[in-house]
Amino acid sequence: MSYLDYKVAQVPTGFRKVLYINWPLVLLITAVCCIGFLMLYSVAGGRLDTWAEPQMYRFAVGMVIMLTLAFVPMWFWRGISVAAYVACFLMLIAVDLFGVIGMGAQRWIDIGPIRIQPSELMKIALVLLLAAYYDWLDLSKVSRPFWVLLPVMMILAPTALVLMQPDLGTSIMLITGGGIVMFAAGVSLWYFGAVIGAAVGLVYAVMVSRGTDWQLLKDYQFRRIDTFLDPGADPLGAGYNIIQSQIALGSGGWSGRGFMQGTQSRLNFLPEKHTDFIFTVLAEEFGFIGASSLLILYMLILGFCLYSALSNRDRFASLITIGISATFFLYFSINMATVMGLLPAKGSPLPLVSYGGTSLMILMLGFGLVQSAHVHRPR
Amino acid sequence: MKKSQREIMDSSRQITRRGLMLAGVQVATVTTLALKMRSMQLDHAEEYRMLADGNSIKMRLLPPARGLILDRNGLVIANNEQNYRVTLTREEAGGDVEPVLRRLAQLIPMSDARTDELRDEFSKRSAVTPIVLADRLSWEQFSAIAVNAPSLPGVMPESALSRAYVRGGDFAHVVGYVGPVSDYDLSRIEDPDPVLRLPDFQLGKIGVEGRMEEVLRGKAGARRVEVNSTGREMRQLSRQEGEQGATVQLTVDAALQNYAAQRMGEESAAAVVMDCATGELVSICSSPSFDPNKFVRGISSKDYRALMDHDHRPLADKTVQGVYPPGSTFKMVTLLAGLEAGVINGGSRYYCPGYTELGSRRFHCWRRGGHGSVDAITSLEQSCDVYYYELAQRVGIDRMAAMARKLGLGQRHDLPMSAVSEGIAPDRAWKKARYDQAWQIGDSLNASIGQGYVLASPLQLAVMTARIATGRAVSPSLIRSVDGVRQDIAEAPALDISDSSLRIARMGMEAVMNSSRGTARSSRIIREEWHMAGKTGTSQVRNITAAERARGVVSNDQLPWNRRDHALFVCYAPYEAPRYAVSVVVEHGGGGSTVAAPIARDILLFALNGGLPPLDAVPSDQRAAMQARHEAMSLYTPEAPRPGRSRA
């Protein structure tokens with residue numbers, strides 16, 4: 001069923017939409033963000049103005065964006081999906097051409113005072129496009145090779161650009177995010193089996209390529225893999241972050257050292273403690289109880305999104321919701337796995353908690369779409 | 001495109017199925033994360049807690065720069081110079097130090113023995129401890145290493161301050177030296193400053209360096225740094241610079257000290273020059289000396305052995321630590337005791353037949369033929385022993401000892417130098433306590449001419465001379481100012497000795513130098529304004545046996561060096577308004593008049609002149625020899641006082 005088939009009267013209008021917003025989701029997001037403020041206050045050594053206050057301001061802006069998007073009818077999003085994708089794609093090209101070098105990689109584009117990371121925007125735009133594509137596509141054609149190849153191209157084109165920046169982490173997230181939408185849309189499992197098989201082959205090839213002149217990754221990326229495999233080999237060099245983060249995390253114990261009592265984070269052994277490693281601060285200060293509480297909040301957000309997706313009879317809306325919650329899932333699981341030493345170190349923020357505007361805005365944008373899908377679901 | 005109801009149902013079912021599968025994957029992932037968290041935070045929390053506690057804040061001390069030691073005119077005696085060295089940290093060298101050592105050996109000379117020593121050191125110490133590879137590098141070597149640093153992982157060129165004694169051996173005994181802190185040093189200090197525990201820290205061992213350690217050391221600065229669990233410094237939290245130790249200005253004149261050292265040459269001797277009015281020690285010099293810089297760097301056992309085995313004992317400070325029978329220089333004490341006791345007056349005479357008989361024993365005068373009838377002044381002028389034998393029998397030892405102490409003998413003068421001796425001014429009680437024996441009259445006779453039990457250091461002799469010269473109880477001082485603050489010197493109280501007695505003693509000393517029969521006439525100063533008074537002394541270090549006497553007195557020259565007499569001389573000038581008192585002891589030098597007196601006179605002249613003794617101040621027949629001596633000396637060329645520092 002497409003929105004054109006709705007009886008528009010069945011969809012809430014005007015401010016009545018407020019009543020139809022997925023309020024539990026809003027509450028959960030706010031709760032997670034509040035944990036973030038608390039931790040930013042703590043890592044700043046009890047100062048609000050260092051990180052917590054700007055983050056609160058961003059959260060307020062993000063909330064307004066989310067609620068505003070929630071009011072925008074779902075069919076509008078489908079209408080602009082192709083345009084959004086193309087716009088993001090062009091921005092990615094622009095970044096590759098004129099982007100600012102930051103943190104050893106080229107990821108940002110400056111538009112006046114605003115810094116935009118098109119690769120992050122692309123995560124949402126790709127989900128939009130794929131959802132629109134599968135909504136448009138005849139259900140019977142979903143697993144036909146040509147109709148599979150088309151979305152694969154949609155995924156790989158921006159991925160290639162992101163990889164050129166080079167940003168391996170975002171590339172993987174784009175592929176995985178896109179893959180999840182395809183998976184949810186019902187593409188045959190055989191394809192996924194084949195892709196996973198190919199990926200294993202690729203990893204093998206990458207490892208073999210090391211030291212040859214067709215080396216597929218940069219040296220620092222190889223080193224990250226090394227330190228991931230054996231952080232102890234270089235405890236003061238590249239493995240330092242992981243070891244320190246594990247120490248901080250592990251030393252939290254059951255109930256943690258107490259709010260503002262985390263010695264590791266306080267004493268600066270942890271790098272980027274307000275961004276990528278903020279989870280360790282939480283785990284150190286509030287222990288297993290605190291860390292698993294956050295995990296439970298994340299799971300609840302995923303649960304509400306899934307429920308909303310499955311209860312929505314509109315295919316586009318469902319796919320959007322699943323795609324965005326999957327992106328959210330990837331964010332936090334990659335971050336947590338990294339700080340625990342389960343994945344190689346890569347700069348990825350803890351969603352809704354880490355200090356930083358980009359990921360917060362992207363996520364609030366995404367949740368805005370989820371809310372819009374929820375508000376405008378066919379009844 | 002319109003979708004059928006059936007299509008919608010299919011789609012919904014499909015999405016539900018796949019959504020639940022996805023949810024399954026997500027739950028599995030989150031479960032994995034939770035399990036890992038559980039394992040780290042619950043099962044291994046203790047381990048991580050221990051590692052975390054290894055990450056902590058450490059204080060790293062910054063050793064303070066040691067205070068300078070200056071002479072009375074602001075010339076530097078001890079300062080701190082840059083010591084260029086390189087350290088190596090094994091961990092930063094990648095665990096294996098061999099290749100680094102090999103590459104380093106191409107840049108700086110490193111012996112195989114040294115390399116073995118280092119290897120041993122590296123195997124024993126922690127991998128994160130920097131170990132000093134080479135010390136006191138030249139700037140060229142240091143920069144060569146700095147330039148090659150990229151190929152020498154873990155090697156750290158550093159520069160640290162190290163003590164330097166720019167005046168060489170001149171002040172070795174006065175100023176002393178610094179050296180590494182030993183466990184013994186630490187055990188002696190209550191609540192030692194933590195900076196002493198720094199591996200390369202040096203502390204004053206002897207002399208002013210040792211005695212004024214607290215003042216000179218300064219206050220350590222500190223850096224608060226974070227170290228991680230492997231001991232690596234992560235960042236500096238704060239840095240507080242230390243305070244340099246206070247500048248200590250001595251009363252000693254470096255030029256005079258240098259001259260005194262050169263004048264004594266290779267003799268085993270000591271010279272003390274004291275300012276009569278203030279008691280300031282303008283020179284206090286023990287010879288031969290040694291290079292204190294060797295001790296700072298860690299003296300080699302070979303060098304140390306050489307110093308220890310030297311029969312002239314260069315390490316001993318003969319000025320304050322060495323005590324000698326004062327010989328005839330003690331006669332002023334006996335004389336003053338007699339005058340003050342009213343036993344004699346200036347005109348009293350004794351007859352000297354060349355000896356005094358006491359029971360069966362004969363006490364000889366140095367002049368076998370005797371001096372005939374002798375009065376107080378002549379007794380000093382010609383140093384008649386018999387006069388004092390007679391006097392001693394009448395005065396008694398206790399009054400002599402009291403006079404000796406009044407004049408500064410037999411007591412420890414408080415100077416910031418090591419092992420300042422008390423000397424001995426013997427009396428009945430002393431002998432009773434020391435030997436549990438009754439005092440014999442013969443002991444008094446020996447004491448009266450500064451033999452027997454009497455012992456005095458050159459410092460004490462200088463004090464004695466200054467007190468006689470001024471009639472005031474001047475006390476020696478060595479420190480002129482600390483950190484620019486002038487040490488106040490209290491006006492010396494008058495001695496409890498009548499002027500008339502003192503005048504007689506002074507007149508006798510004047511006669512020693514200037515009368516035609518004075519024992520030290522050849523060492524007189526002929527310049528009227530530096531009119532000089534003095535007293536010779538020759539103290540026996542052996543007993544002359546009856547058999548020796550029967551064979552005739554053996555001349556000193558025929559004896560082995562260490563059995564010859566000590567030569568002593570005390571003097572002051574100008575006679576009318578005393579400025580400087582000088583004492584000189586030449587160990588086993590022979591006669592006081594021939595060996596010690598010329599040295600003392602020349603040093604006195606240098607002090608009075610503020611430079612090399614003018615030739616026209618000495619008798620004309622000595623000028624050529626003096627000229628030759630000056631030319632043979634290699635004196636420090638006077639350097640400008642340090643700019644920017646008040647000369648206080």
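What follows is a dialogue about a predicted model and the terms used to describe it.

Biologist: What are the ground rules for numbering and confidence?
Modeller: Residues are numbered from 1 along each chain as its sequence is written, while chains are lettered from A and ligands numbered from 1 in the order in which they are written. The model is predicted, and local features need pLDDT of at least 70, side-chain atom pairs count only at pLDDT 80 or more, and totals for chains, interfaces and linings use all residues.

Biologist: What are the confidence values for the model and for chain B?
Modeller: The model scores ipTM 0.89 and pTM 0.60. pLDDT is the predictor's confidence in each residue, from 0 to 100. Chain B has a mean of 86, and 93% of its residues reach 70 or more.

Biologist: Where in chain B is confidence lowest, and where is it highest?
Modeller: Helix α20 (residues 546–551) of chain B is lowest, with a mean of 59. Helix α18 (residues 458–470) of chain B is highest, at 96. Over residues 640–648 of chain B the pLDDT is below 50. Where pLDDT is low, the predicted coordinates should not be read in detail.

Biologist: What makes something a helix or a strand here?
Modeller: Both are DSSP runs, numbered from the N terminus: helices are H or I with at least four residues, strands are E with at least two. Chain B comes to 22 helices and 21 strands.

Biologist: Why is B:Asp436 classed as it is?
Modeller: B:Asp436 has 7 C-beta neighbours inside 10 Å, so it counts as exposed. It too has a positive phi, near 55°, and is not glycine. Its place is the loop between α16 and α17 (441–448) of chain B. Helix α16 (residues 428–435) of chain B comes before it, and the count of buried residues among the eight in that helix is zero.

Biologist: Which residues of α14(B) are buried?
Modeller: Helix α14 (residues 385–395) of chain B is mostly covered, with nine of its 11 residues buried. Among them are B:Tyr387, B:Tyr388, B:Tyr389 and B:Val395. Just after the helix, B:Gly396 takes a positive phi of about 90°.

Biologist: How do you know that β11(B) and β12(B) pair?
Modeller: Two strands pair if DSSP finds at least two bridges between them. Six bridges join strand β11 (residues 269–275) of chain B to β12(B), and the strands run antiparallel. B:Val272 stands opposite B:Ile284. The two strands form a hairpin with five residues between them, and B:Gly279 in the turn has a positive phi of about 85°. In strand β12 (residues 281–287) of chain B, seven of seven residues are buried.

Biologist: Where are cis peptide bonds found?
Modeller: One joins B:Ser287 and B:Pro288, with omega about -5°. B:Pro288 is in the loop between β12 and α10 (292–297) of chain B. Another joins B:Ala573 and B:Pro574, with omega about -10°. B:Pro574 is in the loop between β20 (566–573) and β21 (580–586) of chain B.

Biologist: Why are α6(A) and α7(A) called roughly antiparallel?
Modeller: Axes are lines fitted to C-alpha atoms, for helices over the stretch in contact, and angles run from 0 to 180 degrees between N-to-C directions. Under 35 degrees is roughly parallel, over 145 roughly antiparallel, 65 to 115 roughly perpendicular, and the rest oblique. The axes of helix α6 (residues 145–164) of chain A and helix α7 (residues 168–185) of chain A cross at roughly 170° and come within 8 Å. The two helices are therefore roughly antiparallel.

Biologist: What makes A:Leu297 partly exposed, and which residues does A:Leu297 contact?
Modeller: A:Leu297 has 18 C-beta neighbours inside 10 Å, so it counts as partly exposed. Contact means C-beta atoms, placed from the backbone, within 7 Å. Leaving aside neighbours within four places in sequence, A:Leu297 is in contact with A:Leu28, A:Ala31 and A:Val32. The C-alpha atoms of A:Leu297 and A:Leu28 are separated by 6.6 Å, though the residues are 269 apart along the chain.

Conventions: Buried ≥ 20, exposed ≤ 12 C-beta atoms within 10 Å, placed from the backbone. Contact = placed C-beta atoms within 7 Å.
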